[in-house]
Amino acid sequence: MIKFKNNSKKLEKEWQDLEHINPFLYNIICFYNTFIYNIFQGKNTIITNIYRTKEEQEKICKKAKVKFYKSVHCLWRGVDLRINLEDWQIKIMELLINNKFPYDKTRPNIKTFVRHNIGVGDHIHIQNYTT
Ligand SMILES: [Zn+2]
């Protein structure tokens with residue numbers, strides 16, 4: 001099941017919009033959700049961030065004490081998920097999604113599935129380039 005941080009109505013709306021704005025990314029999240037629910041004993045997908053305005057991104061960069069950079073979240077090309085899986089389960093999802101949905105075949109160093117901590121805490125970041 002797909003859930004939203006703090007049962008946020010704003011996130012729920014962004015999720016509905018994402019289906020039309022970026023169906024490719026929407027499908028990657030659906031794939032993740034179906035997989036973890038069926039294979040990892042009913043685990044849910046918890047979305048913590050989808051769209052960001054430039055102002056919201058500026059705030060995050062300030063908090064993280066890094067120079068401002070434009071995030072894929074500002075372009076509807078990124079979704080953040082809460083970590084509610086074991087490390088080995090996350091590793092499986094990382095390998096699976098990065099193999100099934102390569103970010104950009106000409107830039108294999110950039111990944112679709114990333115686990116990182118950039119000022120907003122440890123989380124899973126899923127992004128896409130090709131649509
Ligand atoms: Zn992100």
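Of the 131 residues in the protein, 20% come out as buried, a label that calls for 20 or more other C-beta atoms within 10 Å of the residue's own, with 12 or fewer making it exposed, anything in between partly exposed, and C-beta atoms placed from the backbone. The model is a predicted one, so local features need pLDDT of at least 70 and side-chain atom pairs count only at pLDDT 80 or more, while totals for chains, interfaces and linings use all residues. Numbering runs from 1 along each chain as its sequence is written.

As for the overall fold, the protein has 4 helices and 5 strands, taken as DSSP runs (H or I, at least four residues, for helices; E, at least two, for strands) and numbered from the N terminus. Along the sequence they read β-α-α-β-α-β-α-β-β. The radius of gyration is 14 Å, close to the 14 Å from the globule rule for 131 residues, so the protein is as compact as a globular protein of that length; the radius is taken over C-alpha atoms, and the rule is 2.2 Å times the number of residues to the power 0.38. Along the principal axes, the C-alpha atoms fill a box of roughly 40 × 40 × 30 Å. Among contacts (C-beta atoms, placed from the backbone, within 7 Å) with a separation of 6 or more, 64% join residues 24 or more positions apart.

Zooming in, I124 sits in strand β5, residues 122-127. I124 counts as buried because 23 C-beta neighbours lie inside 10 Å. Leaving out residues up to four places away in sequence, I124 touches D80, L81, I83, I90, F113 and R115. F68 is 56 residues from I124 in sequence and 21 Å away in space, C-alpha to C-alpha.

How values were computed. Contact = placed C-beta atoms within 7 Å.
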